[in-house]
Amino acid sequence: MKEVNSYEVTDLTSLEKLEPVRVRPGMYIGSTGTKGLHHCIWEILDNAIDEVANGYGDKAEVILNKDKSVTITDNGRGIPTGIHPLKKKSGVEMVYTELHTGGKFNNSNYKTSGGLHGVGAAVVNALSSWLQVEVMQKGKIFRQRFEYAHDKQLKRKMPGTPVTALEAIGNTKKTGTKITFLLDKEIFGNVDYKFDIIDERLQELAFQNKGITLVLRDERKEEAVEKVYHSERGLLDFIEYLNESKTPLHKDPIIFSGEKQINGLNLEGEVCIQFTDSTTEYIASYVNNIPTTEAGTHETGFKTGMTRIFKEWCKKLNLLKEKDKEFEGDDLREGMTAIVKIKVSNPIFEGQTKTKLGNAEAYSMMNELCYNKIGEWIEDNKEVATSIMNNAILASQRREKIKKINDAEKKKIGNGTSPLAGKVAVCTLKDNSFTEFIVVEGDSAGGSAKQARDRRFQSIMPSKGKIMNTEKQKLENVIASEELKIFNTAIGTGILDSYKEENLKYDKIIILSDADVDGYHIRTLWMTYIYRYMRQLIQNGHLYIALPPLYKVYKNVKNKEQNIYVYNDEKLEEAKKKIGKGALIQRYKGLGEMNPDQLWNTTLNPETRTLQRVTIEDAAKAEKMISLLMGDIVEPRKNYMYKYAEF
């Protein structure tokens, strides 16, 4: 008999072929939620774009099929169909059944590529119920199908099992690849692709690869929807798109490019910059067409080179007075929109999901490129450049003022006059992996929430109506806001460059507002503030929206109430039928109408409530939407509201 605490060789498990992907999908695609679902599309699409971006084709298409499968096509060269001399398998079978197999480990086939590690295609195959590959090559159409099916050799069900050989099914003069796959609902649950997320990604790819054509076709509805993406001006079109709801300080953006070889790596950089009247900076950075949402060496090099040359010219033009402090990079970038794009022949990413670049060569190249090219631009545009530098000096002065305000606040807290006193009902549990900080609209609802909450893990902050629209406010006004001071002190992270995730006191930050227009506006104001000043809360999955019910459908039977809470108009009729004859309807006009028991059962109890996690699936789209909905330019907002009248 085996001892309870023994550890023997028989306890070891060996996963075969593509099994590791199915057992730990998060290691390969980040998550099995919405992000991971769409990441599978990006893995196959990246391979198609690599063909196009390297000059082997000019078109790629994504089709969302009625049966929830996805088809991705390109008119590139097609995956190799020949038999490998050592593996005795076709190139297609190798790419889709073996991890780390591809043509991108040297630079002979692709100068640069997004699909780098040779795992993307096999990973998608492993996570699919079935996947079918069609390759047009050598005058023929080849096809092979893979399924999550019984493996004869291993005598068990295995992911990505070839159920047909690679076979020629017809003749053609075209070249290219067509991949169709159905992701497994056992892994992903509800396979529901968001048109908007794919739409934004294709739009960005078209901007980054001028001259190519991309198509998105959605066949899931009765009437298919098709959208075509094409850009002749590339990054100039992109920056115009991003700044649609901002007022540029100079009409013509700063745009430049260059290439260099360092340590055997081929690097190509392209940058587009435009300064606006906004109070916040936005940088969209990409490596080999892939968004680097966590930045990396290319973005750091861009910032360093730009700051260095502007500081030098500031001294040359004698713009600083004797008492003025030199501005910093953050001051210079206030109101700047920039697109930083680099192509690297052998990029080092942090993790398979490729969100941060690590190559030191990318830093050197972008630092030098930006220093030289922006210097040339300043030489030719001294008037605009002087205006930008004067704005940076003013921003620096404001930061000094803000530092004094912050120091005064810290002193107050040190003297025992904490802004939290009497404002926040703080929970007793100190383990922040379970705690929740809930911002509740209105004193009345806040009072009910304080009574209803579980005091062990839920803290309540009643919010007095609407906070300021931080998109339109200067930093010093935001810092001085009493309501925001309370929020900042309570959650503990700090804001902007002072943000420290390790100081976060709560796992969930939850916004709870009425289910009406004012409630939606309050929710949007809070999300705008958090997006602008502590974006990491969203990126790291801490921000949630609580959904209060719109109706209670009920009737009394033998002095006992039967009820159903309804969260949208679509479910109202269904609830009335369930309650049956004599059903009564209570329409909640606001959270203040609920007693503590009702508030607990519908919106605070983790067992019964509905929470929506706020995510940033696409940073460029989020930036554009915040500027559009909360900025000063009226026309784009009006157009958006006409288009989405039922939003």
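Colleague: How many helices and strands does the chain have, and what percentage of the residues count as buried?

Modeller: Let's begin with the whole chain, keeping in mind that the model is predicted. The chain has 21 helices and 22 strands. There are 647 residues, and the share of them that counts as buried is 51%.

Colleague: Now the aromatic rings. How many aromatic pairs are there, and is the pair of Y96 and F146 stacked or edge-to-face?

Modeller: The count comes to 11 aromatic pairs. For Y96 and F146, the ring centres are 6.1 Å apart and the planes meet at 25°. Planes under 30 degrees apart count as stacked, so with its 25° this pair is stacked.

Colleague: Which parts of the chain does that pair tie together, and are Y96 and F146 buried or exposed?

Modeller: Both Y96 and F146 are buried. Y96 belongs to residues 91–97 and F146 to residues 140–151, so the pair ties together parts that are 50 residues apart in sequence: helix α4 and strand β4.

Colleague: Where do Y529 and Y533 lie, and which cluster do ring pairs link?

Modeller: Y529 and Y533 form a stacked pair, with 5.3 Å from centre to centre and 25° between the planes. Both lie in helix α16 (residues 517–533), 4 residues apart, or about one turn of the helix, and both are buried. Ring pairs link them into a cluster whose members are F437, F487, Y506, W526, Y529 and Y533.

Colleague: Which residue lies over the face of Y148, and which over the face of Y531?

Modeller: For Y148, the distance from the ring centre is 3.7 Å, and the residue over its face is R22. For Y531, the distance is 4.0 Å, and the residue is R535.

Colleague: How many disulfides does the structure hold, and are C40 and C370 buried or exposed?

Modeller: The structure holds 0 disulfides. Buried means under 20% relative accessible area. C40 has a value of 0%, so C40 is buried, and C370, also at 0%, counts as buried.

Colleague: Which residues of helix α18 are buried, and which exposed residues sit on the face turned away from them?

Modeller: In α18 (residues 572–579), the buried residues are L572, A575 and I579. They cover an arc of only 65° around the axis, so they are on the same side of α18. That buried side packs against β19 (551–557), β20 (560–566) and β21 (584–587). The face turned away from the buried side carries the exposed residues K577 and K578.

Colleague: Is K210 buried or exposed, and which residues does K210 touch?

Modeller: K210 sits in the loop between α7 (195–208) and β8 (213–218). Exposed means over 50% relative accessible area, so K210, at 55%, is exposed. The C-alpha atoms of K210 and S231 are separated by 5.1 Å, although the two are 21 residues apart along the chain. Not counting residues up to four places away in sequence, K210 touches S231, E232, R233 and G234.

Notes
Residues numbered from 1 in each chain as written. Predicted model: local features only at pLDDT ≥ 70, side-chain atom pairs only at ≥ 80, totals over all residues. Heavy atoms only, no water. Phe/Tyr/Trp six-rings, centres within 6.5 Å; stacked < 30°, edge-to-face > 60°. Helix = DSSP H or I, 4+ residues; strand = E, 2+ residues; numbered from the N terminus. Buried < 20%, exposed > 50% of the residue type's maximum accessible area, 1.4 Å probe, protein only. Lys NZ or Arg CZ within 6 Å of the ring centre and 35° of its normal. Disulfide = S-S within 2.5 Å. Arc of directions from axis to C-beta. Contact = heavy atoms within 4.5 Å.
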